[in-house]
Amino acid sequence: MKNISKLKSIFLILVAVVTIFGCTKLDLYPETSMNQGSFFSSPNDLSLYLNGLYGIMPASMTDLTSDNILSTADTYEYKMMRGEVTSANVGSWSSNWTTIRNINFFLDNAGKATGNTADLNNYIGVGHFFRAFQYYEMVKQYSDVPWFSHVLTTSDSLSLYKTQTKRSVVVDSIIADLNFAVANIIDGTSKTRVTKSTALAGLARIALQEGTMRKYHPELGLTDANRFLQIARDASSQLIKSGKFSIYVKNGSAVHTKAYESLFNSADLSANSEMIMIKAYDLSLSVTTIFKNIFNNTSGLSRDLMEEYLAVNAGTAIPFQQVAGYDQLPFTGVFANRDPRLVQTFMQPGYVAPGTTAATIPKLEIGYIQEKYYPLTSDQIQLGGGTGYDDMPIYRLGEMYLIYAEAKAELGELTQADLDLTINVLRDRVQMPHAVLATWLSTVDPRLASHYPNVQGTMKGAILEIRRERRVELACEGFRWQDLMRWGVGKLAAATPQGMFVPALGYIDVTGDGVADMFIGATVADLAQVTNGSITKYSLDKALFSLSNTTSGYVQLKSQLNKYNFIEPKNYYKPVYDQDILTNPNLVQNSFWK
Amino acid sequence: MRKLLLSLVLLAIFHMANAQELVVTGAVTQKSDGSSIPGATITVKGTKNATLTNKLGDFSIKVPSQKSVLVFSFVGMNKEEREVGNLSVINVAMTTEINALNEVVVVGYGVQKKVNLSGAVASVSSDKIEDRPVLNVGQALEGAVGNLNITVGNGQANASPSYNIRGYGSINGGSPLIVIDGIVADAGRLNDMNPNDIANVTVLKDASASAIYGSRAAYGVILITTKIAKPGKQTITYSNNFSMRAPTVTPQYLLNPGQVAKDLNIMATLCCMVYDKTALDYAASRSLNPSLPNIVLDPTGTKWIGLGNTDWYKQIFKDYGGSQQHNLNIAGNSDKITYMLSGGYEDNNGMLKVAADTYKKYNFLGKVSIKLKDWWEISNNTSYVKNEYNRPYALYGDSWFFFPTTMGTLEVPYTPDGYYTSAGVQTIGSLIDGGRYISVNSNYQTKFETKIDLIKDVLSINSNFSYYRASNIQRYANIPVTYMKGPGNQQTWGSNATATAITQFTDQYYTDVYANFHKTFAGKHAVGATLGVNQESSRLDNLNVGRAGLITPSYPTIQLATGAITDAESISTWAMKSTFGRVNYSYDNKYILEGSGRYDGTSRFPSNSRWAFNPSGSAAWVASNEKFFQPLSSVISFLKVRASYGTLGNQNVSNYPYLPTMNNAQSSVILDGSRPYYVSSPGLVAGNLTWEKVTTKNFGVDINFLKNRLTLTADIYNRDTKGMLSKGGVLPNVLGASQPLVNAANLTTKGWEMMVSWKDQVTVAGKQLNYNASAVLSDNQAKITKYNNPTGTLSDFHVGQQLGEIWGLTTEGFFTSAEDITKHASQSAVTNYTGVNPISVGDLKFLDKNNDGVISKGKWTTTDHGDYSVIGNTNPRYNFGVNLGADWNGFDVSMFFQGVGKKDFYPAADGSTTDYTFFNMYASPWTGETVGFTNHWTPTNTNAYFPRMKPQIAESSSYELGIPQTRYLQNASYARLKNLTIGYSVPKSVLQKCRIEKLRIFFSGENLFTKSGLVAEYRVDPELVGIGGGGGLSYTLQKSYSLGLTLSF
């Protein structure tokens, strides 16, 4: 009897065990992530994937590195010009390829989706736009890069180990991608998503860059610059003539006196008529910018940029160099009678930052303080010491005007009508006298001519002045370094950057109220004479800067004094990292870096 | 079988019917203090006739004849035998057992006598763990077992120690399997336990011991067994302790405003001049007259300037904190039912001074076991833990300590009108008003178990089912705090008040069924076997919701917020099925053989490669049981040599490593007014993932000397980890994705451990004095033997690398003259400056090791590393623990020392783990100046520790002081009096009148004394060095003084 119950209970246990073991599976799958077969089925899926690629679209608020900037911060470009960059320390290009993979993964799979054909083609067009954008970013650095139109697998050794594709082939593929994008993307009203207008703007920018690269870089051996200049001309023209965008001058019905500056310090640009594509920021969405380094912290604007702005003399625009004693003017003296864009880009003496009561004292060693992009609201200035949420332009009509004018001038086709359609509209906004083509062509500014010695031909004067207009209008928007590169004038970036002019040691007024608020002594011992504690003091023996004539002259950073040398044409290109060549011996080092 | 039983019963009846019965009475006492022993067993030798002593220790038993022998036994006491003869009263005074040979050790799915073990196994009993004012079990186990390496974390009340057995296991991590009462658990559940519930901790170190746990046991097993009721009676035990806690070591700041302001100006030269003459003069006058206001307005009257003498450490931490623990345990054991109910409460007030960080823990454990039949036992084991940790949100981790450790002593927390200053808000203001973080864990586990004896003492079947449910709810609010930069100039620290709630639930099911067989054939052939099946599954659900825009900070809840919502959900599942077995055989207690293995299937690998069989074997020879050994037996009472070999798999991988998946996440880009969601591309996965194979060879010896009073156990091992998941052949970067990991790297860990203990008793003043001493010592080192790094770059793992090695320069000293500088090799390749600060006298001078005229990193490969060499190793070596104890006449005392014999550390200057309490103003000029910093080079103090005051040279590892180098390499070895306990037990004779079983009062102190190898300039707790933020950037560890009592009825 006892053993029977024992057997019974053992039997029960065994039944329970078999039941439990039979039920549990070892085939477990993720529940909060998908396998790829269940995605890419509808236009909505395509849109959902593309949302993740928008991060590659940049917006810049500084021209670091370039001749527009003085900076105590170091950059790749400064290191390169100091000769410190080598193929052994340049670092890998791997992050670029992650983006290319993500885009190609989309393009390889997007065809599986079914639905409204126009919608599908629209999204596929956006994918092509992103690939073109990303690839051209790589062409700008390396010139020749391997082209992949499909996603790579670990076993695809033919592609993994292939050599670079020639620049001409890569760029043709990029243009093909952009043409597909222009043809297929629907022209919506969004300013944050890629529209047909965005694709045209992207095409215009890339084509202008490529056209001028081929024109001013004989080492490339490519003679078809005009083909790209024509594409740039036509794409920008199409945008200008579409009537979809207009230069922003009015706030409601009233003329905005600082309409130009307001493009860079507005919380919301999504309704701004000039914007083709913007980068949006919003504090409540925790998407913010960091701007503190640009504004009186580690970098500022240069004397060279300040002097580029035209002066206005009795209703006529003249080069600043024609103003008597222009090179001896103190900080408080350079802003009078200038292109109004100067004071909407540079902080004037006496500027009181929002939320503060005292005038801002510039840090001498970083030159002029940048005002463009500086927020108008004190909370942005205070938030965590420099967190901003003003929107920023990515593509704006103003740039399209400059692309159109430059392309036309480079093609030798520029007319006064073209100027009136473009540059003079930009000048009207800031009430600058109109540009007159005949004057440009007849009187070439010697300063610009020495800056750009490789510009020749009948349109020389126009090309130079368009470059001035571009430098002024697009200052601090991140174009300058690439402009120097494509125009073949890298040497301009190697000059020792200079800041404001200091007439003599001793007390200086930097706020424009006639009262000294700064003191520069030769040595620390000199500072003892300063009894007013509110005065900012520098001693040349300890300061980060020196003066160009020892005890007077332009401020120059000691760390940047005669440090830079731009080697042509080598420094127009970035070397391929040794380790990348080591893993793929078929890759070829850029010939100038061998 | 049945026949045998029948005849035994008949025999007993026959005896009872025929024998002439005698009655013997008496009392059983403890020889040491004369107290009575209730519950002692008295058996008539050779019969089943037995009785127990009553509460007063008295007994009465009928014996068949005068020739009968009575056997007195009691747990922990030596057995005593007395022939009845013509005595009718037999009083016995029992002595404490010191014979280690009968020690029983818990092993996987069963117990074994320690003498019969052939693997590397060590155990710790409850007396090392209970009644210590520790925050968790891990702190109590530190140093208790050789090569059980425990990292305590930090001194936060909810700190979670991490566990390691025998050193570095795999580049992918590998930690011991933790099994609590037969159920696989994890470190978190171990740390949650009430240390007083633990009866025994066993550590299975080698493959042969842990193989029965299979693929998760490659790096050892920690087995925890909870207490059970002692036989015979019901006891109620209450114990408590009240502790006072104080930081072990605190940085020492120079609180002299005049000098600090002067030094700060020097150290900030590169960026700016911080203080003008007016401020410097004022600071100097404050040094002389500290009653002057510590904060003044700048000349414009718009900005506050602190010129104080604030010790931020003291602002944040209390001098003394308090904690208390209470435990109640009710246990009983009768013929049919054994039970134990235990409750624990712990309350720790934390060390924060300005805002509370409190920790409360409630433990409940209920165990009951019922003998339904004499062959059938069912039991249940249910535990519930709730703990609540409540801290300022700002104290999010060690990295927060950046703020107080870099905050200058000149800064002061409050403006004269009582607002926070900028310095105040970053340090204490964010703690006080920046919102709270509350985490509540509520974990429940129940286990049903049934045991059926098919053949009593020979064959039994056990079956377990357990369910574990853990819930963790975290709520926190991140609230901006306002402060005053100057009068009327209000600013805000932090942005956007946000409330977040995280709920996480874990469900785990665990089932196993196994049979145990033991039988000795022909008196000499002992055979044991275990065979079973096991199955586990686990599911984790996590929901994380946050919302910005709190309406009011007083109600930090998502419900009362208006801003953007962020949310995330994750679900993670895994399951395992296994079959396991073990066979052991011993011949005549001399030759022991054991083999075990487990066949595991896991959901983590694809179906064609998810199953793995992991076998192991071991053998031992008890030489002392050989006839030829007899002459030696008076000296060596026991000698056993052991050897084992086995291979286990390591499945330390994510839950779905072989499945490429696409995830959905919220973009950080605003598109059309909102942050949209996006789906991302899948990563690359390898189709042929398999388990890492971990092979352990172990050789050990157990020797007992002098009648087992002196014991020695020593083991030496070699553990090869092969096929670690790592990058395979390097593919070109154009692939555009992280390469799938493949099983491509190997490493070898070598080490040894030993334990010596001495136990004896002597008679002092007529009373028994028991004393004991034991020590453990261990070592391990790991080396990479295969890794795909063809260029030999030192930035990655490389073959021949000793894990933990520190590469650095050799410091020759300071430059002494201009000539010295020009003659010396150029140092510009390793110390470049963005500013202007050339090498000068008093700067660090590095040895040109390769004599090439420049100090450089070379190509930073194994073959070309310039002047760099391995200058130390962070892997702790020679971990040790020493335990001393004695008791006499009711008094007991024990001391426990723990330490590390060798460990190097560089207070790294890579920006994320720079220890500002060491590098100080060299790392950031605004850092509070420590007394240690003042020992720097000056023309009159050329024999200083630090170089001349040169700005920013510790800011990165490419500057002079940031470079790891011999001069500032720290010796992080230490020895620490981990615990000192002094107790007194009130004599039983006194207590019996009050019906009290036991009353002991004790003092217990933790971390009372430390000897550290760190330089005097570096004032941090050596145990925290190299962990988290570095040393100074950690929540301070504490020493504690506690008083407590234990009371049993």
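Helices (H or I, at least four residues) and strands (E, at least two) are DSSP runs, numbered from the N terminus. The model is predicted, local features need pLDDT of at least 70, and side-chain atom pairs count only at pLDDT 80 or more, whereas totals for chains, interfaces and linings use all residues. Residues are numbered from 1 along each chain as its sequence is written, chains are lettered from A and ligands numbered from 1 in the order in which they are written, and side-chain values use heavy atoms, with hydrogens and water left out.

Another cis peptide bond links Leu64(A) to Thr65(A), with omega about 0°; Thr65(A) belongs to the loop between α2 and β1 (69-71) of chain A. Phe40(A), in the loop between α1 and α2 of chain A, has a positive phi, near 60°, although the residue is not glycine. Most residues other than glycine have a negative phi, and most peptide bonds are trans.

The interface between chain A and chain B brings 74 residues of chain A into contact (heavy atoms within 4.5 Å) with 81 residues of chain B. The buried area, defined as the accessible area (1.4 Å probe) that two parts lose on being put together, summed over both, is about 6600 Å² between these chains, and carbon and sulfur atoms give 65% of that area. Between chain A and chain B, 16 residue pairs are in polar contact, both residues being at pLDDT 80 or more. A polar contact is a pair of N or O atoms within 3.5 Å; within protein, one must be able to donate a hydrogen and the other to accept it, and residues adjacent in sequence count only if both atoms are side-chain atoms. On the side of chain A that touches chain B, two or more residues each come from α1 (2-23), α2 (43-50), α4 (94-110) and α21 (578-583) of chain A. The largest share, nine residues, is that of α1(A). This side of chain A consists of 32 nonpolar, 29 polar and 13 charged residues. Here Ala, Val, Leu, Ile, Met, Phe, Trp, Tyr, Cys and Pro count as nonpolar, Asp, Glu, Lys and Arg as charged, and the others, Gly among them, as polar.

In one salt bridge, Arg193(A) pairs with Asp672(B), with 3.1 Å between the closest N and O atoms. Asp672(B) is in the loop between β34 (664-666) and β35 (677-679) of chain B and Arg193(A) in the loop between α7 (167-184) and α8 (196-216) of chain A, so the pair joins two chains.

A cavity is a set of points, on a 1 Å grid over the protein atoms alone, where a 1.4 Å probe fits but cannot get out; lining residues have an atom within 4 Å of a point. Grid points are joined across faces, edges and corners, and a volume is the space filled by probe spheres set on the points. The whole structure contains 19 cavities of 30 Å³ or more. The largest cavity holds about 300 Å³ of space. Its lining has 22 residues, of which Ile180(B), Met193(B), Ser383(B), Val385(B) and Gln445(B) are the closest to the centre.

Conventions. Salt bridge = Lys/Arg side-chain N within 4 Å of Asp/Glu carboxyl O. 1 Å grid on protein atoms, 1.4 Å probe; cavity = no way out; pocket = protein on both sides within 12 Å on 5 of 7 lines; lining within 4 Å.
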